[in-house]
Amino acid sequence: MKTSRLLGLAVAAMISLGAMASPEMTYTPQATTFKVVTLGAAQGVTLRLYDQGTGGKARKSLKMTAKPIADGNLEWTATVTGNLKGKFYTFDVRQGSKSLGETPGIWATAVGANGQRAAVLDLADTDPEGWRNDRRPAVAAKDLVLYELHHRDFSIDPSSGLQHKGKYLALTEPRAIEHLKALGVNAVHILPSFDYASVDETRLAQPQYNWGYDPVNYNVPEGGYSTDPYTPATRIREFKQMVQALHAAGIKVILDVVYNHTFNIDGSNFQRTMPDYFFRRNADGSYSNGSGCGNETASERPLMRQFMVESARYWVDEYHIDGFRFDLMGVHDIATMNAIRSALPHDIFIYGEGWAAGGCALPNDQLGMKANIDRMPGIAAFSDDIRDALRGPWDGDDKAAFLGRVKGNEESIKFGIAGGVSHPQVDIAKVNYSNHFWATQPTQLISYVSCHDDMCLVDRLKASIPGITLDELIRLDLLAQTAVMTSQGVPFMLSGEEMLRTKLGVHNSYNSPDSINHLDWTNLERYPQVMEYYSRLIALRKHHPAFHLGDADLVRRHLEFLPTSDGLVAFRLKDHAGGDSWADIVVALNANREPRAIAVPEGQWKVACRRLAIDERGLGTLDGPTVTVPAQSALIIYKN
Ligand code: CA
């Protein structure tokens, strides 16, 4: 059954790319076949078999046999008879008279601790009970509410009450699932959870923290989040248990993938297999560094493109992953992103950072940049436009924007509210970062105000608004998320914002200790109004199709902006937008320290949201043609 899954993968890749790759290890109880592709310059490959995943000497070393294949490359194979289940292996490629260093290969699907050796196992043995009945929840892109989570942040604090602290299994526990369901998010986006380098899996008893943007093995779950990194099947099974539990709760699982660079060049599995093939170089021969991490991969090269397509398919097929968040998507070429899109089922949600962290050795108009999203149908990008218009620019934590009553951000917020699609009432010339409407459909824009990068929302508000009071902080926090959750884009939130999370002002907490990154679950009792508002706000969005029309023409037809003024954005969703039970909805976002009057159509309106309260059944009524929006908060009113 697993073999047929892999064959399906290879066949699909063949169809989409005209090339065929296959696994580097094919196991049967009678014999295991190993295969690795190298450049034509390789002079030999030794397969080494080990009893352990780390330490000890090879129990056997075999010379592999070469066969020329396309593009002047060589395919090396070796078949070892007997049952190798539980053994480990590496490839040792010799090129230019020297060894490139042992590697588990680029396609290891199981590894020992720290991912230095690949493991022979039968993936069928890793399926938890009932796995074959696991299904991806049916949630359309327009209906998604994304929640970005780091395994350790979420569960490590004693206040979480979770048993499996910092582990995949935390997300199988009822308290975790109930929290996510109460909040109402329907997709968990997990920070890098493939095998990465920066946490030493052999010393997990000591606290270690990293976001994980330093890939080693792209097709194996990270061992640090498993209960036993030494036993290769454990991390695989526990990852699947996590997916299974979330799926059972109707929550999708989205993987943060970092194909744009590797932890290092020389020690990387890419470099040790096909030197310099997978990395871009500048004209002067130096390595290009569009990732800001010392290297950038060359997605436009056929084998790298194929690797990315097949890797994504593998996570979908083997782990039932529901979507991908591409780190620095702006490093990848457009053709590769489109190839990935077309190779995956339609319900797999794909989005990414539409920028790079430095100059790439490929022209910008060929890259998966935000500005090019209109050439990448079915792929979304984060909108730094609405993010920074709300909280302040990325290049200064102490700089405020709309929330801090800095003028001139209203049009960028409108751009985000409209989901980045062309809208006659959005003046693109006044939008902060975008000079054209880059989203063809509103589901191509990720609407957000904070993520793991930069300060979390509470810290940013504190840093950018001197002397802010707790009352003001909470009001502005809720106001910001109201803008996000009433946007026609796909809303996204950082885990813990519903707990009024603070990272004590740390701007880049990628390796900060738990004391900075942990969620403090006692805040749920300390600030219950925050969780209550967030959950009611998300429920309001989910109950009302007007807030997520999912179609550019519908947005243009039903979304009408009301006149804005400094620190105030207001809009109407009219004529039963998207078949909504509410005939007319007005949302007003007031960042000012004073109430503001706005003009609305005449008649009586029911109040669904005012100050810190949300109640879809109505919080009283207001009469048009003028209504007052309280200070530093949102007002949502409707007519049936
Ligand atoms: Ca690791």
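Which domains does the domain assignment of the chain give? There are three entries: domain 1 (5-126), domain 2 (145-376) and domain 3 (560-639).

The model is predicted, so local features need pLDDT of at least 70 and side-chain atom pairs pLDDT 80 or more, while totals for chains, interfaces and linings use all residues. Residues are numbered from 1 along each chain as its sequence is written, and side-chain values use heavy atoms, without hydrogens and water.

**View 1. Domain layout.** The domain bounds come from an automatic or database domain assignment. Taken over C-alpha atoms, the centres of domain 2 and domain 3 are 40 Å apart.

**View 2. The calcium site.** Four residues coordinate the calcium ion: Asp195 (OD), Tyr196 (O), Glu201 (OE) and Glu222 (OE), at 2.2 to 2.3 Å. Donors are N, O and S atoms within 2.8 Å of the metal (3.2 Å for Na, K and Ca); water is not among the atoms, so sites may look incomplete. The donor spacing in sequence reads D-Y-x4-E-x20-E. Tyr196 belongs to strand β12 (residues 194-196) and Glu222 to the loop between β13 (215-221) and α4 (232-248), so the pair ties together parts 26 residues apart in sequence. Helices (H or I, at least four residues) and strands (E, at least two) are DSSP runs, numbered from the N terminus. Tyr196 is buried at 3% relative accessibility, and Glu222 is buried at 0%. Buried means under 20% relative accessible area, exposed over 50%, partly exposed in between (1.4 Å probe, protein chains only).

**View 3. Helix α8.** Eight of the eight residues of α8 (residues 384-391) are buried, so the helix is largely enclosed by the rest of the structure. Among them are Asp384, Arg387 and Leu390. The buried residues pack against β17 (379-382), α9 (410-417), β18 (445-447), α10 (457-464) and α11 (470-485). Contact means heavy atoms within 4.5 Å. Just after α8, Gly392 has a positive phi of about 125 degrees.

**View 4. The largest pocket.** Its lining has 27 residues, with Leu328, Glu353, Trp355, Ala357 and Asp453 nearest the centre. A pocket is an open set of points on a 1 Å grid over the protein atoms alone, where a 1.4 Å probe fits, with protein on both sides within 12 Å along at least five of seven lines; lining residues have an atom within 4 Å of a point.

**View 5. The loop at Gly40.** Gly40 sits between β2 (31-38) and β3 (42-50). Gly40 is partly exposed, at 40% relative accessible area. Leaving out residues up to four places away in sequence, Gly40 touches Gly72, Asn73 and Leu74.
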